[in-house]
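Please keep the sequence and the structure in view while reading.

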Amino acid sequence: MTGRIFQIQRFCTHDGPGLRTTVFMKGCGLKCQWCHNPEGISWEYQLMRNQKKCIACMRCQGTQWERCPSGALQQVGMDIEAATLAELVMRDAPFYGTDGGVTFSGGESMLQADFLAETMALLSSCGIASVVDTAGFVPFSAYEKLLPYCNHFLFDVKLADKEKHRRFTGQDNELILSNLFRLSQSGCRLWIRIPVIGQINDDEAELCAIGRILSKLPHPPEKVELLPYHDMGREKCIQLGTDYPLASDSPYVDNDRLHTLQQILEQACTGHE
Amino acid sequence: MLNAIEHSRALVLALLETLPVKAPAAGNVIAGFEKETDIDFDPAWPHPFFLMTGDNRHYPMGTTYLRMGFSGVAARAEINANRPGKTSVQRANLLAAADEYRAMAAFALRHADVVSEELKPDYIQLAKGNPLTFRQAVQAFYLMWRVRAVGCTGSIGRLDQHLFPFYQADLAAGRITEDDALKILCELWEKFNQVNSGDTLVTIMLGGRNELGEDDTNDLSCLMLRASLQVRKAEPHISVRFHPGMRPDFQALASQVHLMGHGQAALYYDENIIPVLVEQGIPIEYACRYCTNGCTEVVLDGAGKIEFDNIDAVKVMELTLFRGVPPALPGENIGYYWTRNTPPEERKSGLETGYDSGDWQQSYDELQSAFDRQFAYQVNRKLRLLMERRKNMQTYGLAHGLLNASFDSLLESGGDVVRGDLPCDVWMLFAGSLPTAADSLTALRQRVFEEKEYTSTEILDALKSNFEGYEIMRQQLLQAAKFGNDDDAGDAEPARLMGLFCDLLDAFSKESGVLIWPALIGYLFVQEALFTGATPDGRKWKDPIGEHFSPTPGRANQGPTALMLSAAKAPLKRAFGVAPVHISLPRNAAREDASSLQILKNLSVAAEKLGLNMLDISIYDAEIMRKAQQDPEHHADLIVRVWGYSARFVDLSDEMQEHVIARILA
């Protein structure tokens, strides 16, 4: 079957264990204000224009990206067969070693769970391990389709408070936390990733609340990481011609603060607040 | 020749009498001068570097003095000089060596007068006999290495192998601890840095397997890597021989050295080098001794010297397109300088202009044929020049006795290293910048002959004007397939050109009877960017050109794995001289943690399986480099890989700094 992706990135060293190829899938049910991959939110094909590369030749007449000589205007999104994607991922097989492999990210890769399952089955038969990076806003049945092929999830937890979650991501977190609980119950490997955005979730109360949620999971997550805000999404929104919706004047979090928050989180996770 | 030998002997003796004797600083143990400025040269002398006619630096010296001591070598040389059957030249060589080694012993003894009471017995021992301890062996090595090429420095070779017996004996006798040895090595490493830094030829090859397939890596190999981790400076340039049976702790240390980000340790793959050397007729015991010669290329430690020349393929591309007469470049100084301290001098490619390789504008086949003819013409010309040099060396070559008698076979025979009396000399031709030349061919194939977007005349006009007024065309050429992205469209032509280069050298070797080692090495890439105009890959005049078998900087954007797979599509083992693939990782892709060590190991192991014979991994932070450009004073410790060596970033020319930044992979 066919899936819709927007990028294949080789030699990824931060998307799971070891050396990985990350496949970015199109489409997401959340609209996180700080999203660093805004081109992954919409299911539709989109155009991105990099003004720095544009030489103003007007060959594209605004939209004909195939005619752009400099690559400044590009289409985001491509449909790809599972077998073709598996083949592309397999190219880096000599480098994966025992711990590396493929990571499906996005967007919300779980929205294309059937496609993922088919691709993972092909890769699994070649000994390539899959990891899924998910924000959790999909029916649990999607995860059930993957569990035979994938037992390692990078699971984003953004905010503990339901209303706050709705305000900053467009949806509440009920389904997300339920999925997290059930995934944990399934015994799969869980790496929790928490993007830390100044003025939004960088306060102690928020991190304690997240920690409390994590402490109640059936199995403690293998790893809990704080990911400091970066503004890659801002430039991408400019290239997409959309507004950057972040409602924070000071979203950056410095290393010292991050370290403090990490300690608070760890204490909360172990129930020692 | 006899007069020349006598003249050389007199110079060495005079030099050894005059050389300064310098005690080590308090707490240190290695005596001997460091910088050339320490020496009060007699202005009437020729510069000591010219004590010989021929290259005295690009290969490791021998090790007789470590086993026999300076006096022992002198005595042996004298005995051998008087053996029957020696020619007058052999006899003169040996007698000169005897005198020079006696002077070397006296030089060592002079140190006994200036060093501490604790060290005095060491230098007395070096004067009268062979080194007995690890410390004495290091002291003897440093004195010899420093005197070998006064005024500059030389290649070192497999120092872990040469010094290990001393370390082992000391350990067995309880005379030394691991920490003691590490301290001595760190001091030696510091001394290398005090002597000079940058393109110094101070290369050390560690580890490797022997002819029985056993791992030669020893505890000293590991300690030397630990010394590099501790000292964290540009010198010495460490390379490591990688093979499946290597010690895991040694491999892990090599990855830790990679994580420093200095472009060391360069990895050489035994399984992709030794069998190929043996296939070429090199005895396995010599093949297993391979090491770096002072830069990236390979030489056989103790078994031969090296002579090389190079050919820059991008310039050949330009000569092809303009039928032997390239357009004049904009009228400014196109001289090069490697470092801020090196004045401009060589301004030519060394290629002959005027050879018309024929029409190329009708089809891609015709273009390929024209390029191949021009390339063959220039390669064969370079090979003829190399053979002329060989003949001259055999007739007029002269090394000083200290160097000659450091080799066992020459100490016996009275032969001369420069004249070619060692068993396995290396004659090598480098082909630099093949990938950039190939990218140019690929861009012409796609844009002119397949898509017919432009005519060849339009392309030539654009090149002549350095793409001024042709920006759309340039962008389209830049978007054509490029080497280094694991894209067959961009990888086919570099592989073909590499095969062509090796075929040409093979044919010449068979015809001449002299084995010419192919190497995909380009060390003049910065200069080449200045003396080659715009090229059809979309590169403007002065824009960087790829070095070695690595992509044009900035053109590989699929990461290091794609780059290595691209390179592996070429028959890399055929370039046994070697075919370096250079990957510069951004610092955020390889942090200093355990996970990064595993990733570096995966890259190293994969390279071997893919058939690479040399891999160089650098890890840089472009932001810090930009800061260093603005504020060199506070970034003097930033070390980067240049080509076969590492250097302080702030010492590099502007062009080289930009080149190093541009090759960081996306």
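## A buried loop residue

B:Leu638 has a relative accessibility of 19%, under the 20% cut-off, and so counts as buried. The model is predicted. B:Leu638 sits in a loop of chain B, between helix H23 (622–630) and strand E11 (639–641).

Which residues does B:Leu638 contact, leaving aside its neighbours within four places in sequence? They are B:Ile624, B:Met625, B:Ala628, B:Ala647, B:Arg648 and B:Phe649. B:His262 is 376 residues away from B:Leu638 along the chain. Even so, the C-alpha atoms of B:Leu638 and B:His262 are separated by 8.2 Å.

Helix H22 (residues 594–610) of chain B packs with helix H9 (residues 248–260) of chain B. The angle is about 105°, and the axes are 9 Å apart. H9(B) is therefore roughly perpendicular to H22(B). On the H9(B) side, the contact is made by B:Gln251, B:Ala252, B:Ser255, B:Gln256, B:His258 and B:Leu259. On the H22(B) side, the residues are B:Ser596, B:Leu597, B:Leu600, B:Lys601 and B:Ser604.

Helix H21 (residues 559–568) of chain B also packs with H22(B). Here the angle is about 15°, with the axes 10 Å apart. H21(B) is therefore roughly parallel to H22(B). The crossing of H21(B) past H22(B) is right-handed. H21(B) brings B:Thr561, B:Met564, B:Leu565 and B:Ala568 to the contact. H22(B) meets them with B:Leu603, B:Ala607 and B:Leu610.

## The H3(B)–H4(B) pair

At what angle do helix H3 (residues 88–112) and helix H4 (residues 120–128) of chain B pack? The angle is about 165°, and their axes are 8 Å apart. The cut-off for roughly antiparallel is over 145 degrees, so H3(B) and H4(B) are roughly antiparallel to each other. H3(B) passes H4(B) in a left-handed crossing.

H3(B) makes the contact through B:Ala105, B:Ala108, B:Leu109, B:His111 and B:Ala112. H4(B) contributes B:Lys120, B:Tyr123, B:Ile124, B:Leu126 and B:Ala127.

Helix H5 (residues 134–148) of chain B has 15 residues. At 1.5 Å a residue, H5(B) should span 21 Å. Its end C-alpha atoms are 21 Å apart, which agrees. H5(B) is mostly covered, with 15 of its 15 residues buried.

Helix H16 (residues 434–450) of chain B has 17 residues. From first C-alpha to last, H16(B) reaches 22 Å, close to the 24 Å expected at 1.5 Å a residue. Where does H16(B) bend? The bend is at B:Leu444 and amounts to about 25°. H16(B) is mostly covered too: 16 of its 17 residues are buried. Just after H16(B), B:Lys452 takes a positive phi of about 50°.

B:Ser509 lies in helix H19 (residues 488–512) of chain B. Is B:Ser509 buried or exposed? At 11% relative accessibility, B:Ser509 counts as buried. Leaving aside neighbours within four places in sequence, B:Ser509 is in contact with B:Val514, B:Leu515 and B:Ile516.

Note on methods: Residues are numbered from 1 along each chain as its sequence is written. Chains are lettered from A and ligands numbered from 1 in the order in which they are written. This is a predicted model: local features need pLDDT of at least 70, side-chain atom pairs count only at pLDDT 80 or more; totals for chains, interfaces and linings use all residues. Side-chain values use heavy atoms; hydrogens and water are left out. Helices (H or I, at least four residues) and strands (E, at least two) are DSSP runs, numbered from the N terminus. The expected span of a helix is 1.5 Å times one less than its number of residues. The bend at a residue is the angle between axes fitted to the seven residues ending there and the seven starting there. Buried means under 20% relative accessible area, exposed over 50%, partly exposed in between (1.4 Å probe, protein chains only). Axes are lines fitted to C-alpha atoms, for helices over the stretch in contact, and angles run from 0 to 180 degrees between N-to-C directions. Angles under 35 degrees count as roughly parallel, over 145 as roughly antiparallel, 65 to 115 as roughly perpendicular and the rest as oblique. A crossing is left-handed if the near helix is turned anticlockwise from the far one by less than a right angle, and right-handed if clockwise. Contact means heavy atoms within 4.5 Å.
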